[in-house]
Amino acid sequence: MTELGKNQIYEVVIEGCTAEGYGVARIDGRAVFVAGALPGERCVIKLLKVSKTAVWAKVEELTEPSPHRVEPDCPVCSKCGGCDFRHVSYEEELRIKKQRVDDAMRRIGGLDITAEEILPSPLTERYRNKAILNVGQADGKAVTGFYRPRSHDIVPIDSCLLQSEMTDAASAVLCRWMDEFSVPAYDELTARGVVRRLFVRDVKHGSCVCIVAAADKLPHVSELIDMLREACPGLVSVVLNVNHSKGNGILSDQFVTLWGDESIDAELCSLRFKLSPRSFFQINTPQAERLYAKAIEYAGLTGTEHVLDLYCGTGTIGLCAAGKCAHVTGAEIVDAAIEDAKENARRNGIENADFICADASDAARHFAEAGLTPDVIIVDPPRKGLAPDVINSIAQMTPARVVYVSCDPATLARDLKLFSEKGYTAAHLTAVDMFPRTRHCESVAVLSRV
């Protein structure tokens, strides 16, 4: 077997793609992860790092490019790390993502199920309704951008094709205001400075600009507000988030409304939702509507069911399902999200939904111990998936169906395997491209009790 070492050169054929978007080649049976390479390509690579468990490399020369390779339309996409697939056609991106979901089901879950389809996004550019930009200094000027992968070095970006044009405008205003009034960016090394991040929500019925700062007050705040209102049509809220922490936390719990409303209204599935800066809301609104429609289709609601919505957030999925069932109960650990969910039910005139503030494990256990038997349970957990005790409690309630909305195919496959051991089998699975041009992929599955 060849002894692999740093800086060695090999010609390889890319056989597949990892969950992180790396091309996969093999040298004497060892997997080599090649940044920016696409399945089917023949290329000359240079080994960058060799460990006992993995080998990483970069492309030195493309000898046979993929027919799906395209010229990136962003000058910094290879530096900022936000887009993993801007060098590939959208059709091939969808194929790669569906294959990733199918591979996870087989290799991690040991399941004989594949995604029936992958739902393409109606928008592949400017689809994000939420942006978080880091703020720094470069050549004596304020800049906003994203961290270079595996670092805290900011890649300055004037315009990001994933973010809204309003976000670009707010970013330009913030930098101009900082330069004009000598407001320094926060420096993580010295813990000095003021402005840390720019947080923007831009939805159909209004936009919110939130300045994250390591100060209780902003200087020249009236000038900032005037500049933002002039440059950002549809702006309804300007908020300060006071974050004195020395860690990497994006937001603190301290918000001060500088101008306008404390929250904004978003529309989803013909319902109106109140969004505070910390509220969870799907990034890609048109695609979220398709995801929720598929989840409700999988729920098989006839109007008589009691639905339990775990990890309900601000109540989006549950409230969308309320019109098709007898009752919805939502559970979420974030108290502010529950208050928003209750308000969202009131403002939409939905009376057959209630919400409780509880950890998913506690909520599921409480329902199981109380002998409550929801007909359908919907779960939309974070990337880490479900804890085993949550799966146990769900199984103890013996719902006819469990609808699982997932943002990570690997944890979904792991959890579906655990459900199969509890007497539930995955009946249908659909992949949903919620984040075009990135490696991330959502999925929704329905499990039926055997």
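This is a predicted model: local features need pLDDT of at least 70, side-chain atom pairs count only at pLDDT 80 or more; totals for chains, interfaces and linings use all residues.
The partner of β1 is strand β5 (residues 42–50); the two strands run antiparallel and are joined by five bridges. Within this pair, valine 12 stands opposite cysteine 43 of β5.

Both strands belong to an open sheet of six strands, ordered β1-β5-β6-β4-β3-β2, in which the pairing is mixed. Its edge strands are β1 and β2 (16–17), each of which pairs on one side only. At the β2 end, strand β3 (residues 23–27) is the antiparallel partner, with two bridges between β2 and β3. Here cysteine 17 stands opposite glycine 23 in β3.

A second open sheet has eight strands, again with mixed pairing, in the order β7-β22-β23-β21-β20-β17-β18-β19. Its edges are formed by β7 (118–119) and β19 (353–357), each pairing on one side only. Strand β7 pairs with strand β22 (residues 424–432) in the parallel sense over two bridges, and isoleucine 118 stands opposite alanine 431 in β22. Further along the order, strand β20 (residues 376–379) and β21 are also parallel, with four bridges between them. In that pair, isoleucine 377 stands opposite valine 402 in β21. Strand β21 itself (residues 401–406) is mostly covered, with five of its six residues buried.

| Strand pair | Sense | Bridges | Residues standing opposite |
|---|---|---|---|
| β1 and β5 | antiparallel | five bridges | valine 12 and cysteine 43 |
| β2 and β3 | antiparallel | two bridges | cysteine 17 and glycine 23 |
| β7 and β22 | parallel | two bridges | isoleucine 118 and alanine 431 |
| β20 and β21 | parallel | four bridges | isoleucine 377 and valine 402 |

Strands of a sheet pair through backbone hydrogen bonds, either parallel or antiparallel.

Helix α9 (residues 388–396) contacts several strands of the eight-stranded sheet. The buried residues of this helix are Val390, Ile391, Ser393, Ile394 and Ala395. They pack against the strands β17 (306–310), β20, β21 and β22, and also against the helices α8 (360–369) and α10 (409–421). After α9 comes threonine 398, whose phi is positive, near 45 degrees.

Turning to the chain as a whole, it contains ten helices and 23 strands. A compact globule of 450 residues would have a radius of gyration near 22 Å, and the 24 Å of this chain agrees with that expectation. The C-alpha trace spans about 65 × 65 × 35 Å along its principal axes. Of the 450 residues, 52% count as buried. Among contacts with a separation of 6 or more, 64% are between residues 24 or more positions apart.

The chain exposes about 20100 Å², of which carbon and sulfur atoms supply 49%.

Technical notes:
Residues are numbered from 1 along each chain as its sequence is written. Side-chain values use heavy atoms; hydrogens and water are left out. The radius of gyration is taken over C-alpha atoms; the globule rule is 2.2 Å times the number of residues to the power 0.38. Buried means under 20% relative accessible area, exposed over 50%, partly exposed in between (1.4 Å probe, protein chains only). Contact means heavy atoms within 4.5 Å. Accessible areas come from the Shrake-Rupley method with a 1.4 Å probe; for residues, only the protein chains shown count as cover. Two strands pair if DSSP finds at least two bridges between them.
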